[in-house]
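Please brief me on the fold, the confidence and the charged pairs of the structure shown below.

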Amino acid sequence: MRRQAPRNHRAPLNSGEATVTGDDIFEVARIAPAGADTVFSLVAMLHPEVTPEGWAEFVRDNSQDGARPRGVFALRDARAMPHAVFTF
């Protein structure tokens, strides 16, 4: 008999495994200015006029810590593939 993983099992990202069980198939990851290119293709699909340099500048300008932290975030699957990008 095969055991089932607990429903809240979370597969580690970048583990090389594509199998994810349970309800937690996505994670939210903050996009650092140095990593702006990791989600650029997703941004470019909706906004083809945006250049890689313009996107990098946007991420830099909207990534701040301190009294009023803000940033750019990606919703990623277990393969670290971005499915959505948002800011706050």
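**Overall fold and basis of the model**

Along its sequence, the protein chain of this predicted model follows the pattern β-α-α-β-β, with two helices and three strands in total (DSSP runs numbered from the N terminus, helices being H or I of at least four residues and strands E of at least two). Because the model is predicted, local features need a pLDDT of at least 70 and side-chain atom pairs count only at pLDDT 80 or more, whereas totals for chains, interfaces and linings use all residues. Residues are numbered from 1 along each chain as its sequence is written, and side-chain values use heavy atoms, with hydrogens and water left out.

**Confidence**

- The protein chain averages a pLDDT of 80, and 73% of the residues score at least 70, pLDDT being the predictor's confidence in each residue, from 0 to 100.
- Over residues 2-18 the pLDDT is below 50, although this stretch has 20 contacts in the model beyond near neighbours in sequence (contact means heavy atoms within 4.5 Å).
- Where pLDDT is low, the predicted coordinates should not be read in detail.

**Packing and surface**

- Of the 88 residues in the protein chain, 22% are buried (buried means under 20% relative accessible area, exposed over 50%, and partly exposed in between, with a 1.4 Å probe and protein chains only).
- Among contacts in the protein chain between residues at least 6 apart in sequence, 51% join residues at least 24 apart.
- The accessible surface of the protein chain comes to about 6600 Å², and carbon and sulfur atoms account for 54% of it (Shrake-Rupley method with a 1.4 Å probe; for residues, only the protein chains shown count as cover).

- V72 has T87 in β3 as its bridge partner.
- Four residues lie between the two strands of this hairpin, and in the turn A80 has a positive phi of about 70°.

**Salt bridges**

- A search of the whole structure finds two salt bridges (a side-chain nitrogen of Lys or Arg within 4 Å of a carboxyl oxygen of Asp or Glu).
- In one of them E27 pairs with R76, the closest N and O atoms being 2.5 Å apart; E27 lies in strand β1 (residues 26-31) and R76 in strand β2, so the pair ties together parts that are 49 residues apart in sequence.
- E27 counts as partly exposed, at 23% relative accessibility.
- D77 and R79 also form a salt bridge through their side chains, at 2.6 Å from N to O; D77 counts as buried at 8% relative accessibility, whereas R79 counts as exposed at 52%.

Notes:
Pairing = 2+ DSSP bridges.
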